[in-house]
Amino acid sequence: MRIHQPKIPQLAREILDALVSNKDIETGSNEEVRRDIESVLAQFAREEQAVSEKARDLQAARSLPPSEVSRMRKLLATERGIKVGDEAIDYLLDQLIEILMHSPHVEEVWAEDLVLRRRMRDPLRRHAAMDEQIQQEVRAQLKHVKEGGAVWEVEYQRMMEEIRRRKGL
């Protein structure tokens, strides 16, 4: 799961709204709690970006096929103590619950961890689905290029950046 920096404030707001509207948490300052949530999301985004870049650099330096980038990402993420891919949402939920429990701006947590996870999972899944949709759009536009080759990598990155730019990511 990739979190785009420009979408972090909106995602944090959605998560906070889900928790506050259902009275799962009580805050003295919603703005401060939103900032706490943003800090967790931003830290994950930075870590995930660093892992992805290092995986691509290692793949290029070792002349490995592009299919190895995913495996290298998982190994590098494990070294850094984060999760990527399918496990990213669960990792983020753990981090978010941790910040809610320790934040001086959260006065009371009324819901159990399982309920908190369920409320916060929906906005995260919607965000992940948007990223998946972008990937499908890129693949649809590149169906004429053979996947896995150097041309594919260059065109994939170019199209991905173009579509993200159009969508404000």
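Helices here are DSSP runs of H or I with at least four residues, numbered from the N terminus. The model is predicted: local features need pLDDT of at least 70, side-chain atom pairs count only at pLDDT 80 or more, and totals for chains, interfaces and linings use all residues. Residues are numbered from 1 along each chain as its sequence is written, and side-chain values use heavy atoms, without hydrogens and water.

**Exercise 1.** Find which helices supply at least two residues each to the lining of the largest pocket.

*Solution.* 
- On a 1 Å grid over the protein atoms alone, a pocket is an open set of points where a 1.4 Å probe fits, with protein on both sides within 12 Å along at least five of seven lines; lining residues have an atom within 4 Å of a point.
- Count the lining: 31 residues, with Ser70, Arg73, Gln135, Arg139 and Tyr156 nearest the centre.
- Assign helices. H2 (30–61), H3 (68–80), H4 (88–102), H5 and H6 each supply at least two.

**Exercise 2.** Decide which residues of H6 are buried and which are exposed.

*Solution.* 
- Apply the cut-offs. Buried is under 20% relative accessible area, exposed over 50% (1.4 Å probe, protein chains only).
- Trp152, Tyr156, Met159, Met160, Ile163 and Arg164 are buried. Their arc, taken from the directions from the helix axis to the C-beta atoms, is only 130 degrees, so they sit on the same side of H6.
- Ala150, Val151, Val154 and Arg165, on the other side, are exposed.
- Find the partner. The buried residues of H6 pack against H5 (113–141), where contact means heavy atoms within 4.5 Å.
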